[in-house]
Amino acid sequence: MKAGGVRAQLVEEACLTLVYLLHNRRREWALGRHNPDELGHIKRNMLIADYARKALDLPMGVRRELDRMVVESFLPPHPTAPWNGPAMPPPPPEPEPVDVAVVVVIIEELDAALGVFGMTQDDFRRDAVVGDQRFFPTRVPNGYRPEKPLSVVITSAGRTGNVQMVKSVDALLRRYEPELICLLGTACGVPEAVRIGDVVACDRVHYFPPGRRLPGKIFQPRPKHGQGRSDYGHGLHYYNPARTDYASRVREFVRGLSPAEVPETFSAARIPEVHTTGVTIASGEEVLRDGELLPGLREVDNTICAGDMESYGFSQAAEGLPWLIFRGISDFGPGREERWKYVSTSFAALCLEDFLRTRYLPPGADDL
């Protein structure tokens, strides 16, 4: 036999071996208990790539037949019989369109948000739970789209921190596709800039404490920033609660508070001020207990008036989407004023609902 004939025979035998493996080990390619990490899929691709290189030297008639067998290797062993191998996992559902998604963190914030939007903890969608994360759907009328109320879904991150916020927003975005996503809850305030119970609504975040320590205990900050996509804050620029019924809704809420829900320093006569112009939330990985960090950060950015542990993670997880932050001031650091969390979150939730009703312009509103 000529050398060329020996080579051709070896190539054909190699291709037959590859096709045999593709056919007889095809159960390994299906994702399941035999292939939990997709290694089988990688092996099949390598076998096919090896076959494709060797098949170039096959006689055309042999190659045509083996090509057909390679294609058939993607089918179950007996196409007319039921497939008894491991079942492929169902594809994840397509995200459901929704006008507005609202994310809170702790249970007091969730209870306050649900109360303002007319729900309880029993009103979550049973078919939309992701792990233990629950989603609470509702609707809010909108002045620019009176024919179709805004669809709103509320969820909770469960734990504090920027990293946890990224995880929770990611789970939300796998289940829903919002036109606007909002972070709602409480924050620590700067005394000279805000008062307890005030609301800060913005789309600017200052992330701390990136920087470096210099000799002499000097810290040189290198802050990062989160900034919303719209110069007008998706309508927040035009929002003025003094021209809406926000004050009357706050008074109605206050009248419904039980004695156990009223903070010791609470004044029913005072309507919380809403800060929307030129304000920034500072966000970091440490609890702001000393009352000194936030005023110090104002020396770097004098628009900072509040701080929390979630806003920067939220802004990064929502990157590419319109987003806003609504925070009620619950403390200044020392003393922690824990009893203000429910009330201050409620004030922020009333502000968010008021904004959605009166000044938020949903995409496509002019098309209805």
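Reader: How many helices and how many strands are there in the chain?
Author: The structure is a predicted model, in which local features need pLDDT of at least 70 and side-chain atom pairs count only at pLDDT 80 or more, while totals for chains, interfaces and linings use all residues. Residues are numbered from 1 along each chain as its sequence is written, and side-chain values use heavy atoms, with hydrogens and water left out. Helices (H or I, at least four residues) and strands (E, at least two) are DSSP runs, numbered from the N terminus. On that basis the chain has 9 helices and 13 strands.

Reader: What percentage of the 368 residues in the chain is buried?
Author: A residue counts as buried under 20% relative accessible area, as exposed over 50% and as partly exposed in between, with a 1.4 Å probe and protein chains only. Of the 368 residues in the chain, the buried ones make up 45%.

Reader: Among contacts between residues at least 6 apart in sequence, what percentage joins residues at least 24 apart?
Author: Contact here means heavy atoms within 4.5 Å. When the contacts in the chain between residues at least 6 apart in sequence are taken together, the share that joins residues at least 24 apart is 76%.

Reader: Which word describes H4 relative to H9?
Author: Two packed helices are described by the angle between their axes and the distance between the axes; here axes are lines fitted to C-alpha atoms, for helices over the stretch in contact, and angles run from 0 to 180 degrees between N-to-C directions. Helix H4 (residues 107-116) and helix H9 (residues 340-358) have axes 8 Å apart, and they pack at an angle of about 40°. Angles under 35 degrees count as roughly parallel, over 145 as roughly antiparallel, 65 to 115 as roughly perpendicular and the rest as oblique, so H4 is, relative to H9, oblique.

Reader: How many nonpolar, polar and charged residues are in the contact of H4 with H9?
Author: On the H4 side the contact is made by Glu108, Glu109, Asp111, Ala112, Ala113 and Val116, and on the H9 side by Lys341, Tyr342, Thr345, Ser346, Ala349, Leu350 and Glu353. Ala, Val, Leu, Ile, Met, Phe, Trp, Tyr, Cys and Pro count as nonpolar, Asp, Glu, Lys and Arg as charged, and the others, Gly among them, as polar. The residues of this contact therefore divide into 6 nonpolar, 2 polar and 5 charged.

Reader: Which elements do the buried residues of H4 pack against?
Author: The buried residues of H4 are Glu109, Leu110, Ala112, Ala113, Leu114 and Val116. They pack against strand S1 (96-104), strand S2 (135-140), strand S3 (150-156), strand S4 (176-189), strand S13 (323-331) and H9.

Reader: At roughly what angle do the axes of helix H6 and H9 cross?
Author: Tyr246, Arg249, Val250, Phe253 and Val254 of H6 meet a set of H9 residues that includes Tyr342, Phe347, Leu350 and Arg357. The axes of helix H6 (residues 246-255) and H9 come within 10 Å, and they cross at roughly 145°.

Reader: Which residues touch the most other members of the largest nonpolar core?
Author: A nonpolar core is a set of buried Ala, Val, Leu, Ile, Met, Phe, Trp, Tyr and Cys residues joined through side-chain atoms within 4.5 Å. Of the 73 residues in the largest one, those that touch the most other members are Ile154, Phe326 and Phe347.

Reader: Is Ser344 buried or exposed?
Author: Ser344 lies in helix H9 and, leaving aside neighbours within four places in sequence, is in contact with Thr186, Gly328, Ile329 and Ser330. With a relative accessible area of 0%, Ser344 is buried.

Reader: How far apart in space are Cys188 and Gly333, C-alpha to C-alpha?
Author: Cys188 is found in strand S4 and is buried, with a relative accessible area of 6%. Although Cys188 and Gly333 are 145 residues apart in sequence, their separation in space, C-alpha to C-alpha, is 6.3 Å.

Reader: What separates the C-alpha atoms of Glu179 and Leu321?
Author: Glu179 also lies in strand S4, where Glu179 is partly exposed, with a relative accessible area of 38%. Glu179 and Leu321 are 142 residues apart along the chain, and their C-alpha atoms are separated by 7.2 Å.

Reader: What positive phi does His234 have?
Author: His234 lies in the loop between strand S9 (224-227) and H6 and is buried, with a relative accessible area of 18%. Most residues other than glycine have a negative phi. Although His234 is not a glycine, its phi is positive, at about 55°.
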